[in-house]
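Hi everyone, thanks for coming. I'd like to walk you through one model today, so please have a look at it first.

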Amino acid sequence: MGKKLQALLVIAAVTLQVFATASAGAQTNGFALQVSPSPIIETIKPGTSKTVELKIRNQNTQKETLKMALRAFSVDNETGTVQLKNDEPVEVLDWVRFAQPVFDVDPGQWYTQKINFSIPESAGFSYSFAITVSRATPTKEEGGSAAIEGSVAVFVLLNTDRSDAKRELGIVSFESKNKVYEYLPSTFTMQIKNTGNTIVQPAGNIYIQRSID
């Protein structure tokens, strides 16, 4: 579970806004999307379903025909690097349905994609995967230049609300860059371990006060 917790910490810090162009002078082939929310974090009871909304904005100057897909990903425990894979997340493939797998978005407009999660009774504690948004039709090469295919990955962290789920975190270490601060800002480094059996989103406060004479 430590791996999935680390994925949550890394993904939450990622701005999922991707810009890619076929070439510096070919602005008509530009690809620019904005998505919200990012990541998607949901807790659902086994044997039930829930529909969530993903808002997608076309920041390009041309109309886009986009498609939705599911991808698996992995996280390096040492570096926290997220690696998006080419294969689909087999565990959840039959659980996720898009209202419109292929859709059009006009320039500068928002599109609301409805995503339904249907969780079977036999589901485990937690699952993590990615939803990708990309062009439905690959960009054609022009003038001998290579076409760069852009896509946006929205990471999904899905908990099942089971009675035997254990949500528990432990602080392994908490360090400050300096022992004494005369002025802010200050820098702290915290290492958190997931000691439970499901994904947990860390939250809390750090209080800074003057030393007591």
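Predicted model: local features only at pLDDT ≥ 70, side-chain atom pairs only at ≥ 80, totals over all residues.

I'll go through the cores, an aromatic pair, the salt bridges, one threonine and a surface patch.

Residues are numbered from 1 along each chain as its sequence is written, and side-chain values use heavy atoms, with hydrogens and water left out.

Let's start inside. By a nonpolar core I mean a set of buried Ala, Val, Leu, Ile, Met, Phe, Trp, Tyr and Cys residues joined through side-chain atoms within 4.5 Å. Buried stands for under 20% relative accessible area, exposed for over 50%, and partly exposed for in between, with a 1.4 Å probe and protein chains only. The largest core has 30 residues, and Ile 56, Ile 115, Phe 117, Phe 129 and Ile 131 are those with the most contacts inside it. There is also a second, separate core of 5 residues, which includes Phe 73, Val 75, Ala 130 and Phe 155. Going back to Ile 115, its contacts (heavy atoms within 4.5 Å) include Ile 40, Val 52, Leu 54, Phe 98 and Ile 131, leaving aside residues up to four places away in sequence.

Now the rings. Phe, Tyr and Trp rings (the six-membered one for Trp) pair if their centres lie within 6.5 Å; planes under 30 degrees apart are stacked, over 60 edge-to-face, and the rest tilted. Searching the whole structure gives 5 aromatic pairs. One of them is Phe 73 with Phe 155, edge-to-face at 5.0 Å centre to centre and 85° between the planes. Phe 73 sits in strand β6 and Phe 155 in strand β12, so this pair links distant parts of the chain, 82 residues apart. Strands here are DSSP runs of E, at least two residues, numbered from the N terminus. Both phenylalanines are buried.

On to charges. How many salt bridges are there, taking a side-chain nitrogen of Lys or Arg within 4 Å of a carboxyl oxygen of Asp or Glu? The count is 5. Among them, Arg 135 and Glu 64 meet at 2.9 Å, N to O. Arg 135 lies in strand β11 and Glu 64 in strand β5, so this bridge ties together parts 71 residues apart in sequence. Arg 135 is buried at 8% relative accessible area, and Glu 64 is buried at 2%. Asp 104 and Lys 63 form another, at 3.8 Å, with Asp 104 in strand β9 and Lys 63 in the loop between β4 and β5. Asp 104 is partly exposed, at 41%.

A quick stop at Thr 43, in strand β3. This threonine is partly exposed, at 40%, and touches Asn 159, Asp 161 and Arg 167, again not counting residues up to four places away in sequence.

Last, the surface. Ile 171, Phe 174, Leu 184, Phe 188, Met 190, Ile 206 and Ile 208 make up a nonpolar patch with about 710 Å² of accessible area together. For such a patch, residues need over 30% relative accessible area and no salt bridge, with nonpolar side chains (Val, Leu, Ile, Met, Phe, Trp, Tyr) joined within 5 Å; areas are Shrake-Rupley with a 1.4 Å probe, and for residues only the protein chains shown count as cover. Strands β13 and β14 each supply at least two of the patch residues. Ile 208 is in the segment after β14 and is exposed, at 55%.

Notes. Helix = DSSP H or I, 4+ residues; strand = E, 2+ residues; numbered from the N terminus. Patch = residues over 30% accessible without salt bridge, like charges linked within 9 Å, V, L, I, M, F, W, Y side chains within 5 Å.
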